[in-house]
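Here's a quick briefing on one protein model. Have a look at the sequence and the coordinates first, then come back for the notes.

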Amino acid sequence: MSPASGMLLNETPLFDASLLQELDWSSNTVSFSPPISPSQPGEGLVLRPLCTADLDRGFYKVLSQLTEAGDVTEEQFKANFEHMKKSGDYYVIVVEDTNLGQIVATATLIIEHKFIHACAKRGRVEEVVVSDVCRGKQLGKLLVSTLTLLSKKLQCYKVTLECAPKNVEFYKKFGYSASDETYMQCRFFD
């Protein structure tokens, strides 16, 4: 039996869910109306870490609303998941509509380990996306607030994200500000 065939899609979380439950939500800088939080994201919704079973709950369908998600096999997904879990530096959160059994939103926090700032950690928020069927339920705000607070809890000296100019005002609500740095890239594949 190959290692991949012994891995079943299951509910094992990518990271310890208690990290989300222990967030100091009182230090959140964004208002929600009606009030929602990581523990109460809305009726019929659950915010939690990604698990491999989410592959069958439309995780890639949601990601593809953000960018080209690609065709990924179950084996590729599980191998990447296990790599991320083992590293301990990936925090992919999802919002599941429990009535539909479908993922309706997701976002990722990646922790980078630095030599600068006395070997500090930096957080990067990436791949924030809410399914078009759930827009207007404050889930984007909830995801960003949750990951911003999580990066602070994990003792990052700063957390950054990249966004389109049209989204700058949205992210300012969370305490993000434009930096003097220019985001540049060198793409090798589309």
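**Notes on a predicted model**

Thr160 sits in strand 5 (residues 156–161); strands here are DSSP runs of E with at least two residues, helices are H or I runs of at least four, and both are numbered from the N terminus. Keep in mind that this is a predicted model: local features need pLDDT of at least 70, side-chain atom pairs count only at pLDDT 80 or more, and totals for chains, interfaces and linings use all residues. Residues are numbered from 1 along each chain as its sequence is written, and side-chain values use heavy atoms, with hydrogens and water left out.

**Around Thr160**

- Thr160 has 18% relative accessibility, so it counts as buried (buried is under 20% relative accessible area, exposed is over 50%, partly exposed is in between, with a 1.4 Å probe and protein chains only).
- Setting aside neighbours within four places in sequence, Thr160 is in contact with Arg122, Gly123, Arg124, Val125 and Tyr176, where contact means heavy atoms within 4.5 Å.
- Thr160 and Ser177 are 17 residues apart along the chain, and their C-alpha atoms are separated by 9.2 Å.

**Strand 2 and its partners**

- Strand 2 (residues 90–97) has 7 of its 8 residues buried, so it is largely enclosed by the rest of the structure.
- On one pairing, strand 1 (residues 45–49) runs antiparallel to strand 2, joined by 5 bridges; two strands pair if DSSP finds at least two bridges between them.
- Within that pairing, Pro49 has Ile93 of strand 2 as its bridge partner.
- Strand 2 also pairs with strand 3 (residues 102–113), antiparallel again, over 8 bridges, and Val95 has Ala105 of strand 3 as its bridge partner.
- Strands 2 and 3 make a hairpin with 4 residues between them, and Gly101 in the turn has a positive phi of about 65°.

**Helix 3**

- Which residues of helix 3 are buried? They are Phe77, Lys78 and Phe81.
- These cover an arc of only 95° around the axis, which puts them on the same side of helix 3 (the arc is that of the directions from the helix axis to the C-beta atoms).
- The buried residues pack against helix 2 (59–63), while His83 and Lys86 are exposed on the other side of helix 3.
- Just after helix 3, Gly88 takes a positive phi of about 75°.
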